[in-house]
Amino acid sequence: MPDLMDHAYVEEHGLVESYLKDRLSESERDAFEAHYFDCSICIEQLEMASDFREGMLQVAAEDTVRASIAGIALLSWRRRLAWGGALLLLVALPLGFLIARNRGLEQQLAEARATTPGEDPRIAQLEAELSSLRQSGAGDRQRLEEELAKERQARADAEKATGGPQVNVPVFLLAAVRSGEDAGREPVNRLSLPAGADSVILTLELATVDFPSYRAVLREEGGREVWQAGSLRPDSRDALVLLLPARMLPLGDYRLTIEGGKGFAVGDYPFRIVR
Amino acid sequence: MQTSAELMSDLVRRIVAGDPAAETELVQRFSRATSFLLRRLTRNDAAAEDLYQETFRLVIEKVRGGELREAERLPGFVSSLARNLFLGSTRRDVRRRERHEDSEAAESAPDPAPGQLAGLLARERAATVRQVLAELKNDRDREILTRFYIADQDKDAICRDLQLSDLHFNRVLFRARQRYKELYERRKDA
């Protein structure tokens, strides 16, 4: 590499793109910066390439958010159906049981009236039992209706918190580090999370796709596990895209570990949440 | 016609001699690149603007004081000073947080959230990129751009996977960026 870079060298080695991707060594980067500070062609190319690159990332972010929201919406419908079915059973089974018992008692009462004219202690007993059952049935029904209303409210709150449309969801591409490479160093990934963000999207490209599915474990700096998930399948670009609630990530250092097979470490993604 | 080295020597000599026009010329000459570098490093327009002012204040002070010994290295001197100022400000932020002065740091730190204008520009940029992508002739060209820019894959790896020549790869990138530039300039003019 020449001490003072010329434009031909920049063109020949494609330094504009390598610089924007942070793929230059420190000395190359410094030399290229010294060059483009006095090269109108390079600065023009850098601005345009950087702008285009940002645009591409914005398009990807918009598409990822759309896909995530569609996924969440789908999940909500499934959850809604499951909840609806469960609640219907919850209400229908005891009521059905009460109705069946009422019918049985009414039938017994009618039979008793038909076969034994006049006042009979058995009739009085059956009438009292039926009246008590009607009252308790009404009480149960009210209790179940209240529970149903509570469940509906809880579900609506949960959906509001997780499933509502969100805009400008922060998206970060995490770089992996080799095991032990970052010991004592500051995390290479610094995620500047806007204060009002509800969710954050983390994209990680896997170094290997030798496993059918992967497991992700997110830990705080002290090692405490914050979140984990298994059976994660990479997308067509061999990347995992994770949508996490921002409240899960207060300021601090974290380590996202991806494992494949029986605990084989595939990648380590240390990152720092800053504001 | 003067070479770049001669231009730099002349500029430095005039600044040392106390010529204010030379100082203005220096700022004009390196303004665009300094601004680009600082925006790239800080990812925050307000922070970049602060460091931009500080960079030129220090550059002029040091050049006036004769601290730049090789005048032809003036561009590198400006770029490294801008970078060092950024690193210094980052270290200060880290130290402040370590001293549990978060509330004070938060008050003085620029808001990292993108403003409305930045958001609007980002959406316009994305719309322009979408137009470029829609105009591409085939899916493979779209895949090249996606793998290169979004998945951040190496050019060599993409060429190997898709059995492309360097030339084809460069052509796709060049054409996409050219088209983006045309659309961008049209949008700017409008």
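Reader: What is the mean pLDDT of chain A?
Author: The mean is 74, and 59% of the residues of chain A reach 70 or more, where pLDDT is the predictor's confidence in each residue, from 0 to 100. This is a predicted model, in which local features need pLDDT of at least 70 and side-chain atom pairs count only at pLDDT 80 or more, while totals for chains, interfaces and linings use all residues. Residues are numbered from 1 along each chain as its sequence is written, and chains are lettered from A and ligands numbered from 1 in the order in which they are written.

Reader: And where in chain A is confidence lowest, and where highest?
Author: It is lowest in helix 5 (residues 121-162) of chain A, with a mean of 61, and highest in helix 3 (residues 26-36) of chain A, at 93. Helices (H or I, at least four residues) and strands (E, at least two) are DSSP runs, numbered from the N terminus.

Reader: Switching to chain B, how many helices and strands are there?
Author: Chain B has nine helices and zero strands.

Reader: How much of chain B is buried?
Author: Of its 190 residues, 23% count as buried, a residue being buried if 20 or more other C-beta atoms, placed from the backbone, lie within 10 Å of its own.

Reader: At what angle do helix 2 and helix 3 of chain B pack?
Author: Helix 2 (residues 20-42) of chain B and helix 3 (residues 45-64) of chain B pack at about 140°, with their axes 9 Å apart; axes are lines fitted to C-alpha atoms, for helices over the stretch in contact, and angles run from 0 to 180 degrees between N-to-C directions.

Terms used
Buried ≥ 20, exposed ≤ 12 C-beta atoms within 10 Å, placed from the backbone.
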